[in-house]
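Work through the exercises below with the sequence and the model side by side. Try each task before you read its solution.

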Number of protein chains: 2
Amino acid sequence: MSKTAAVLVIGDEILSGRTQDTNTNHIARFLTALGIDLKEVRVVGDEEGEIVAALNALRGAHDFVFTTGGIGPTHDDITADAVARAFGVGIGYHPDAYALLEARYPPGEFNDMRKRMARIPEGAALVANSVSGAPGFHIGNVYVMAGVPMVMRAMLETLAPELPRGPTVQSVTVEAAVPEGVIAPGLADVQKAHKDISIGSYPFYREGADKPFGAQLVVRGRDGAAVERAAQALEELVRSLGAAPQRINTADSAPKK
Amino acid sequence: MSKTAAVLVIGDEILSGRTQDTNTNHIARFLTALGIDLKEVRVVGDEEGEIVAALNALRGAHDFVFTTGGIGPTHDDITADAVARAFGVGIGYHPDAYALLEARYPPGEFNDMRKRMARIPEGAALVANSVSGAPGFHIGNVYVMAGVPMVMRAMLETLAPELPRGPTVQSVTVEAAVPEGVIAPGLADVQKAHKDISIGSYPFYREGADKPFGAQLVVRGRDGAAVERAAQALEELVRSLGAAPQRINTADSAPKK
């Protein structure tokens, strides 16, 4: 059984539309490359009760939870407190976090708000931040990371060695310049004949193209041979409809790392 | 009391990382412009049980739920069935949806899979699709829209007249070339003195800039005068730290429509 994960994005700026979240997509690709199945994502605002409720739901349902956002020095950064409450543990300065932050600032500039970044739930281990110093942390099955994408990505790299590897999902994308509704009946048959893989269909419209309507058919599964068999069946299907199937490289067939 | 909303994004392609979701950000801005508070977002895969559970949780907790994805003609499009199950109602061809789809295709090309797009839960009203015909629908407090961004946006425009308007959140962004940790203590004081608004702090790092560390301080609230008072307090704070505050236009202070 492969491991499952959830992502919890924390921040009013995502919900107001001010900021386009890109961390989830990065984490999704990262997990796909490790062979861990991302099953659910939630976004909540900077409200402790909301964070606690979402975190407890997700950590009970999945092997791992990755959170982003809310671990900076300002008053609206409340993730560490919310995580402590969710786990029912205390929170205080973590000596290592305190020491590494103290060393970053000139004398007198390690103020009380900056010290907030050293407040870590009891029992948590630090997650190094090679970009800007202030660490994330890891408690139980929850990994708490920064919201700034560059920092979040660095933390994820730090975490990679301690996460389990599973058999990765293999993926082949067959593109067909055939309207989705035309290919849909055959597609359903191919899916029925290949129950051990999943087929997703993603339509496109290319203005000005000779045949503007088409679909990318994405075959995914952990058994590479089964994926290949289904992909070939799809290619046959596309040819039977008078079009030339094309295999294309998509993001999740070519993991980033 | 302002109305609240949730977004439910449905699709394996978001969870695998193949596709970067942009619909949520668009809906967030749309709701912000209407004065409706987006409180929560969830992303689940193409699994009926997951969709039903998420939908029932969200529709119970919020005034409106907007879903995207899973209403096309292919076997992996299962949103309509999941919504029917969540509401405990039947599902079948909606005569208007059937008629408008039938009229779109040449004789003989309205196949069984395309007919799937006319399957609508009992009691639902259609949401017009000015782009590609196949409608979304609206049942109870749930609005079901396509996943293709161009189509989703058109559906949202169609819905706009039937959604309530509330007092919109006013927003002023003050940018300061001051490290977040330096401004954080004063920021907390300003927040304490202006409890009726919320202040978010979003740090930035501009490589090569004279003062590369800074933060955008976003003041949000429904009382424009209160927002303005807090923004002025922030500008004073920034000046007291020897920097020149700058008001900037951000996406959510200038609604798109």
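**Exercise 1. Count the helices and strands of chain A, then describe its build.**

Step 1. Chain A has nine helices and twelve strands. Helices (H or I, at least four residues) and strands (E, at least two) are DSSP runs, numbered from the N terminus.

Step 2. Know your source. This is a predicted model: local features need pLDDT of at least 70, side-chain atom pairs count only at pLDDT 80 or more, and totals for chains, interfaces and linings use all residues. Residues are numbered from 1 along each chain as its sequence is written, while chains are lettered from A and ligands numbered from 1 in the order in which they are written.

Step 3. Take the dimensions. The C-alpha trace of chain A spans about 75 × 40 × 30 Å along its principal axes.

Step 4. Domain 1 of chain A covers 4–162 and domain 2 covers 170–253; the bounds come from an automatic or database domain assignment. Their centres, taken over C-alpha atoms, are 38 Å apart.

**Exercise 2. Find the strand order of the open sheet and its edge strands.**

Step 1. Read the order: 6(A)-7(A)-8(A)-3(A)-1(A)-2(A)-2(B)-1(B)-3(B)-8(B)-7(B)-6(B). These twelve strands pair in a mixed way. Two strands pair if DSSP finds at least two bridges between them.

Step 2. Go to the edges. Strand 6 (125–127) of chain A and strand 6 (125–127) of chain B each pair on one side only.

Step 3. Cross between the chains. Strand 2 (residues 37–44) of chain A runs antiparallel to strand 2 of chain B, joined by five bridges. Here E40(A) faces V44(B).

Step 4. Check one pair within chain A. Strand 7 (residues 136–139) and strand 8 (residues 142–145) of chain A are antiparallel, with three bridges. I139(A) sits opposite V142(A).
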